[in-house]
Amino acid sequence: MRILFNIIFGTILVLGLVGFWALFLNLWKPKKKWPAWVGYIILIGTWFAAIRYYLLHQVDLYGTLYYPIMNMFRTESYGFLFGLFLAIPVLIVFSLLYWSVNKIWSKTPEENRTGRRAFFRTAATVVPLATIGGSSYAAFAGQQEIVVTNEKFGYTNLPPGLKDYKIVQLSDVHIGASIDLDDFDEILKLALLQKPNRVVITGDLIDKLAWLPEVCERLTTFAKQIPDGVDFILGNHEYHHDVNKVLDSFKRNTPMNILVNSNIQIMGGKQPVYIAGVTYDNSRQKDSREAMISKALSGIPDYAFVILLAHHPEFFEEAIEHKIPLTLSGHTHGGQIVFMGVPVVPTGTPYTKGRYVEEQSVCYVNNGTGHWFPIRINCPREITVITFFDGVA
């Protein structure tokens with residue numbers, strides 16, 4: 001599946017790069033196109049080589065004088081590429097318009113076509129400059145901005161121990177190409193400032209496994225400062241790399257509670273409180289999800305208060321069926337690009353960002369505390385602070 005994705009992505013990328021330049025030259029109308037194509041291929045080839053070098057040697061470059069420059073270059077490369085693709089539909093419209101105008105006024109003398117040609121040349125230049133400039137800013141802002149969201153959840157007959165209990169949720173940090181160790185340090189510092197009783201990490205924590213030792217060291221120091229500890233579940237990206245290596249490293253080298261279709265009791269009393277965690281459902285089938293959640297809930301009494309950690313929010317459907325009070329999820333990154341409250345990029349689930357309430361169950365979907373693609377519009381990176389109170393929200 002991963003290989004198929006890379007093939008499809010690579011094909012779309014090549015077609016986009018070729019299509020953009022073909023449309024640009026069609027509007028610009030240079031006397032000779034081949035020098036423009038040669039220069040463009042050299043430029044794109046050099047750019048790709050630089051990005052590949054960064055991705056392959058990021059860990060080695062980290063901490064050197066060159067790293068901040070290369071890191072910014074990587075961020076803005078996403079902006080450049082995204083802006084270039086945004087320019088394509090606009091250039092298609094202008095190309096069709098140019099063709100139509102020439103067809104209608106085909107008998108216009110050559111000397112009278114200068115103004116028309118100048119207009120479309122200007123459009124061919126201004127459009128990509130505008131889209132690339134805008135998306136480059138979005139990439140920069142998306143990389144820098146992170147918000148702390150405070151969410152209060154009220155329940156009738158709340159277990160006494162949960163009153164004013166504070167959980168910080170981190171999700172989709174994606175330590176790797178876009179989020180490095182410095183970014184992770186900032187995330188952990190912000191989480192500590194919230195003075196949580198407990199921290200949960202709902203999957204997709206690390207992409208670059210060469211940083212596993214450093215990440216484990218940071219998590220160990222961090223977990224010791226959290227009164228009730230840190231709970232971790234897997235996301236799909238751990239499976240994309242080496243899930244067994246990730247699990248083994250976290251189990252051996254951190255004090256985190258690793259929940260793989262399992263649960264832990266965090267409070268006793270007449271209505272005990274449990275945290276259950278499901279692994280990522282690669283098959284995306286309801287039967288698989290049901291089997292996972294049944295295993296995760298095994299041994300939990302019916303009268304218990306359950307907090308479910310599920311990387312993919314589609315587990316909320318099973319949570320509703322099992323009357324689980326609260327589900328904490330991620331995976332969608334909130335859509336990353338949102339206009340008028342609607343994500344532009346399809347997320348494949350109706351539960352994209354924020355709070356959802358169905359029957360007796362609530363789900364909160366985190367925007368992603370990090371990302372592997374930095375462009376964000378109206379959807380900043382997020383650390384969620386969950387606080388409980390007795391009553392109905």
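## Overall architecture

Helices (H or I, at least four residues) and strands (E, at least two) are DSSP runs, numbered from the N terminus. On this basis the protein chain holds 10 helices and 14 strands. The structure is a predicted model, in which local features need pLDDT of at least 70 and side-chain atom pairs count only at pLDDT 80 or more, while totals for chains, interfaces and linings use all residues. Residues are numbered from 1 along each chain as its sequence is written, and side-chain values use heavy atoms, with hydrogens and water left out.

Taken along the principal axes, the C-alpha atoms of the protein chain fill a box of roughly 90 × 45 × 35 Å. Of its 393 residues, 51% count as buried, a term that denotes under 20% relative accessible area, with exposed over 50% and partly exposed in between (1.4 Å probe, protein chains only). Among the contacts (heavy atoms within 4.5 Å) with a separation of 6 or more, 75% involve residues 24 or more positions apart.

## The sheet from β6 to β12

An open sheet of 6 strands has the order β6-β7-β8-β9-β13-β12, and its pairing is mixed; two strands pair if DSSP finds at least two bridges between them. The edges are taken by β6 (262–267) and β12 (354–358), each with a single partner strand, so one side of each is left without a neighbour in the sheet. From one strand to the next, the twist averages 20 degrees. Axes here are lines fitted to C-alpha atoms, for helices over the stretch in contact, and angles run from 0 to 180 degrees between N-to-C directions.

Within this sheet, strand β7 (residues 273–278) pairs with strand β8 (residues 305–310) in the parallel sense over 6 bridges. I275 has I307 in β8 as its bridge partner. Helix α9 (residues 286–296) lies across β6, β7 and β8 and runs at about 145 degrees to β7.

## The sheet from β1 to β5

A further open sheet, with mixed pairing, consists of 6 strands in the order β1-β14-β2-β3-β4-β5. Its edge strands are β1 (146–155) and β5 (257–258), each with a single partner strand, so one side of each is left without a neighbour in the sheet. Strand β1 runs parallel to β14 (residues 381–390), and 10 bridges join the two. G154 stands opposite F389 in β14.

## Packing of α6 and α8

The axes of helix α6 (residues 212–223) and helix α8 (residues 243–253) come within 10 Å and cross at roughly 40 degrees. That angle makes α6 oblique to α8, given that angles under 35 degrees count as roughly parallel, over 145 as roughly antiparallel, 65 to 115 as roughly perpendicular and the rest as oblique.

At this contact, L212, V215, C216, L219 and T220 of α6 meet K245, V246, S249, F250 and N253 of α8. The residues divide into 6 nonpolar, 3 polar and 1 charged. In this grouping Ala, Val, Leu, Ile, Met, Phe, Trp, Tyr, Cys and Pro count as nonpolar, Asp, Glu, Lys and Arg as charged, and the others, Gly among them, as polar.

## Loop residues with positive phi

H174 has a phi near 55 degrees, a positive value in a residue other than glycine. Its place is in the loop between β2 (166–170) and α5 (181–193), and H174 is buried, with a relative accessible area of 1%.

Q336, also a residue other than glycine, has a positive phi near 65 degrees. Q336 lies in the loop between β9 (326–329) and β10 (338–339) and counts as buried at 7% relative accessibility.
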